[in-house]
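Please read them with the structure open.

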Amino acid sequence: MKRRRSRAWLLVVPFYFYTIVFVILPLAYMVLLSFLQRAEIWGVTKEVTWDNYKNILEPIYLHTFAESLKLALICTALIALLGYPFGYFMAKLSKKWKSRVMILLMIPFWTSALIRMYGWIIIFRSNGLLDRLFMAIHLTEKPLRLLYTYPAVVVGMVYALLPFMILSVYSSVEKMDWSLVDAARDLGASPVYTFFTVTLKLTMPGFLSGIVLTFIPSMGLFFVADILGGNKIVLVGNLIQEQLMKARNWPFAAALSVVLMILTSLMLLLYRKVAGVKELEGLF
């Protein structure tokens, strides 16, 4: 019995080591750094201050958080409208077609997301593929200014995060008990009423998981806003990058990261409360 316990303890040591070294310590360092003050030339001083968090309350930074939240809500809504029907009907396909569609969904992940975003430049730029298509079918007479616009960023975000919603909904629909749907139909419920009262409720955990997996990253995917939006759209991720790489203000960047982490944690807590599931129990 003692040998079994010792072996079991040895099996969990790598897990605790990884958690402490790569999760707890970096987070603790980031929180500690957010309370320090920027040095005049390079690095930080040992003086503890709340100024980094007070600076976040300035209108320009609050506006950045508001714009990031707005973009995240728009992208999540579009992804939900596109991803839920796709995942739902994908789960109802035959086994052969399920595997084919799954491969088509996974193929983009074989290429770097950064390279795929640059591919959208070819589509959105003046006299690009989209402009030539519109002019060929006589929808437009001259090239449009699609690149470096808000819609271009939204399209890039939706493209990058849509598979997460599809796969979440697909997994939930595939595990659903279809006998409950048949029972509702036998009792006289219409297809629409059955969907909203039975199917949607049974697939709600997967749907909410997809919302979490799309809403949280969309607030920090700064490279999408950089590539497709230029300097016109600044998200929280862009602001953190600028404070780290250009302004060299590490404490303020850490404070921004802590606030963003708190917002995402609140989103996860809301997900647990609404969905009533235990998948994220280990995170809290």
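1. A term first. A residue is called buried when its relative accessible area is under 20%, exposed when over 50%, and partly exposed in between. By that cut-off, 37% of the 284 residues in the protein chain are buried. Keep in mind that this is a predicted model.

2. Overall build. The protein chain has 13 helices and 2 strands. Its C-alpha atoms fill a box of roughly 80 × 70 × 35 Å along the principal axes. Take the contacts in the chain with a separation of 6 or more: 65% of them join residues 24 or more positions apart.

3. Surface and charge. The accessible surface of the chain is about 18,100 Å². Carbon and sulfur atoms supply 69% of that surface. The chain carries 28 positive and 15 negative charges.

4. Aromatic pairs. The count comes to 16 aromatic pairs. One of them is Trp50 with Tyr53: the ring centres are 6.2 Å apart and the planes meet at 55°, so the pair is tilted. The two partners differ in cover. Trp50 is exposed, at 56% relative accessible area, whereas Tyr53 is buried, at 17%.

5. A pair between helices. How are the rings of Trp120 and Tyr159 set against each other? Their planes stand at 70° and their centres are 5.4 Å apart, so this pair is edge-to-face. Trp120 belongs to helix H5 (residues 113–124) and Tyr159 to helix H7 (residues 150–174), so the pair ties together parts 39 residues apart in sequence. Trp120 is buried, with a relative accessible area of 18%. Tyr159 is partly exposed, at 29%.

6. An aromatic cluster. Ring pairs also link a set of residues into a cluster. Its members are Tyr84, Tyr88, Phe89, Trp178, Phe195, Phe196 and Phe207.

7. Charges over rings. Which rings have a charged end sitting over them? Lys70 places its charged end over the ring of Tyr150, 5.7 Å from the ring centre.

8. Backbone points to check. Tyr148 is not a glycine, yet its phi is positive, about 60°. Tyr148 sits in the loop between helix H6 (129–136) and H7. Its relative accessible area is 38%, so Tyr148 counts as partly exposed. Arg248 also has a positive phi of about 60° without being a glycine. Arg248 lies in the loop between helix H12 (236–245) and helix H13 (250–275). At 33% relative accessibility, Arg248 is partly exposed.

9. Helix H11. Which residues of H11 (residues 222–229) are buried? They are Val224, Ala225, Ile227, Leu228 and Gly229. An α-helix has 3.6 residues a turn, so residues three or four places apart point the same way. The cover over the buried residues of H11 includes H5, H7 and H12. Just after H11, Gly230 takes a positive phi of about 65°.

10. Ile233 sits in the loop between H11 and H12. Is Ile233 buried or exposed? Its relative accessible area is 10%, so Ile233 is buried. Leaving out residues up to four places away in sequence, Ile233 touches Thr149, Tyr150, Val153, Ala225 and Asn238. Two of these names have come up already: Tyr150 has the charged end of Lys70 over its ring, and Ala225 is among the buried residues of H11.

11. Sequence distance and space. Compare two cases, both C-alpha to C-alpha. Ile233 and Pro205 are 28 residues apart in sequence and 32 Å apart in space. Tyr271 and Ser209 are 62 residues apart along the chain, and 7.6 Å separates them. Tyr271 lies in helix H13. At 7% relative accessibility, under the 20% cut-off, Tyr271 counts as buried.

Definitions and conventions
Residues numbered from 1 in each chain as written. Predicted model: local features only at pLDDT ≥ 70, side-chain atom pairs only at ≥ 80, totals over all residues. Heavy atoms only, no water. Helix = DSSP H or I, 4+ residues; strand = E, 2+ residues; numbered from the N terminus. Buried < 20%, exposed > 50% of the residue type's maximum accessible area, 1.4 Å probe, protein only. Contact = heavy atoms within 4.5 Å. Areas by Shrake-Rupley, 256 points an atom, 1.4 Å probe, with all protein chains shown as cover. Lys, Arg positive; Asp, Glu negative; His and termini not counted. Charge placed at Lys NZ, Arg CZ, Asp CG, Glu CD. Phe/Tyr/Trp six-rings, centres within 6.5 Å; stacked < 30°, edge-to-face > 60°. Lys NZ or Arg CZ within 6 Å of the ring centre and 35° of its normal.
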